[in-house]
Amino acid sequence: MTHAVKFHPGLMLLDQYVEGSLSADVALAVSAHIDLCPHCQQLSKDITNDQAAVLAEQEVSGRDAEQEWQQMLNFITSQPAISAAGSVLTKPAPQVASVTVNGRTFEIPRALARLAEKQNKWLHLGGIATAKLPTADKQHVSLLYIDKGTEVPNHTHLGLEMTLVLAGKIVDENGEYGVGDLLINSPDDTHTPRTLADEDCLCLSVLSAPLKFNKGLTRLLNPLQQFFY
Amino acid sequence: MLETTVLTGHHDALAKQKRISQRMTINTDNEPRTGQWEDALTLVALHQDKAAYAELFSYFAPRLRAFGIKMFGNEQQAMEMVQDAMLNVWRKARLFDATRGCASTWIFTIARNVRFDMLRKKQSRKDDISADDLWFDGDYPEQESNSSDSWDTMLMSEKLAPHFDALPPAQRMVMQKVYLEEKSHQEVSDELAIPLGTVKSRIRLALDRLREALDDTRS
């Protein structure tokens, strides 16, 4: 199954990801996207080389703090190198990680493997299930499962919403999103994502604020918004 | 999905890395080659060459400090990052793989990851997103399952092979067992039925010889 990824993080986002200045949860979504997207793998490599070259080529003022540097150098070279045969060198290769929900098992990207092992339990509501990943930022990171033929009620984002499709497909008013596609909805964007009749979907969801449901009876869901957040 | 994504565009990246590393090299001849920092890292990896490391240190440490000050906004944490990052360069030089990027990229990503984890730790978070989760592909070679293979391949094919072959057979045998088969000195001693001291002195002799050969190609 080859799906050409169509929705990518912008260059500015990739720049900040490489630099390490994105908030960790947003960086996690970008990193998982990169795991799934050859195009952005290449781009982030190039950006890394570029930022490293800028660092390496910058001018620094001459020979200040010479003594401090010398002390640091002496300290470092007095430390043992990690031995060639030592097991410290090669951490075990990351296992292929998977999650199981609604009787279905999905492979998930490397970036999520460690955290997914510690995921909270799945909470089900209709055809939708969520499981939070343990992170400590303001953003909320969770896995979101949508059974086939299910519609997430029309909602507005009170904050930034990032959704990365990990398996299957979702569709909303703006298009169709497959594996690796990264949707970024800014505050005030409104949409009604749904799955197709014959395919369910697993996503990574990063939310900086709760959703607000807009239509008719679904407004009754608003007290439940904590579920999605 | 994942397996189809690995090496796309690799050659472009290599070409770019080569351009960058050449730009950084003070070239005294026109031969294409890896830069001085890649050579220095190789020497550090090979036998903890302090002189080669000192060269790396005096170039990169002040530049990492400037980067740290920009990112942390203070000198103290910047210096903490420099020490931690440069210590990693010293201890893990063997993990550096010139086929996957140039030395400055490797050092930059180490510093970036150290900084990221320093920030997370400061906010005392357990069970949290770490640099290892975020940066994998080609950035931080620690988790690369075949890193030692490709390192050896690089070492053998590109730099050392001719000199390695020219070693006296007895030294070459010992070096092969220690560095390529990753056996301990004692194992080699047992296997070849020679005293441990002989194993060690053959390694020293071979390293000196290789170092000399590498130095010759550098100057």
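The views below show parts of a predicted model.

Figure 1. Helix α1 of chain A spans residues 11–19. Its buried residues are L13(A), L14(A), Y17(A) and V18(A). Seen down the axis of α1(A), these buried residues fall within an arc of 135 degrees, so they line one face of the helix. An α-helix has 3.6 residues a turn, so residues three or four places apart point the same way. On the other side of α1(A), L11(A) and M12(A) are exposed.

**Figure 2. The surroundings of α1(A).** What covers the buried residues of α1(A)? The cover includes two helices of chain A, α2 (24–36) and α3 (38–57). After α1(A) comes G20(A), a residue with a positive phi, near 90 degrees.

Figure 3. Chain A contains 5 helices and 13 strands. Of its 229 residues, 38% count as buried. Among contacts in chain A between residues at least 6 apart in sequence, 64% join residues at least 24 apart.

**Figure 4. Helices α3 and α4 of chain B.** Helix α3 (residues 50–72) and helix α4 (residues 75–91) of chain B cross at roughly 145 degrees, and their axes come within 8 Å. The crossing of α3(B) and α4(B) is right-handed. Residues of α3(B) in this contact include Y53(B), F57(B), F60(B), L64(B) and F72(B). Among those that α4(B) contributes are M79(B), V82(B), M86(B) and W90(B). By class, the contact of α3(B) with α4(B) comprises 16 nonpolar, 2 polar and 2 charged residues.

**Figure 5. Helices α8 and α9 of chain B.** How do α8(B) and α9(B) lie relative to each other: oblique or roughly parallel? Helix α8 (residues 169–180) and helix α9 (residues 185–192) of chain B pack with their axes 9 Å apart, at an angle of about 135 degrees. Angles from 65 to 115 degrees count as roughly perpendicular and those over 145 as roughly antiparallel; α8(B) and α9(B) are therefore oblique to each other. Their crossing is right-handed. From α8(B), the residues M173(B), V174(B), K177(B) and V178(B) meet H185(B), V188(B), E191(B) and L192(B) of α9(B). The residues of this contact divide into 5 nonpolar, 1 polar and 2 charged.

How values were computed: Residues are numbered from 1 along each chain as its sequence is written. Chains are lettered from A and ligands numbered from 1 in the order in which they are written. This is a predicted model: local features need pLDDT of at least 70, side-chain atom pairs count only at pLDDT 80 or more; totals for chains, interfaces and linings use all residues. Axes are lines fitted to C-alpha atoms, for helices over the stretch in contact, and angles run from 0 to 180 degrees between N-to-C directions. Helices (H or I, at least four residues) and strands (E, at least two) are DSSP runs, numbered from the N terminus. Angles under 35 degrees count as roughly parallel, over 145 as roughly antiparallel, 65 to 115 as roughly perpendicular and the rest as oblique. A crossing is left-handed if the near helix is turned anticlockwise from the far one by less than a right angle, and right-handed if clockwise. Two residues are in contact if their C-beta atoms, placed from the backbone, lie within 7 Å. Ala, Val, Leu, Ile, Met, Phe, Trp, Tyr, Cys and Pro count as nonpolar, Asp, Glu, Lys and Arg as charged, and the others, Gly among them, as polar. A residue is buried if 20 or more other C-beta atoms lie within 10 Å of its own, exposed if 12 or fewer, and partly exposed in between; C-beta atoms are placed from the backbone. The arc is that of the directions from the helix axis to the C-beta atoms.
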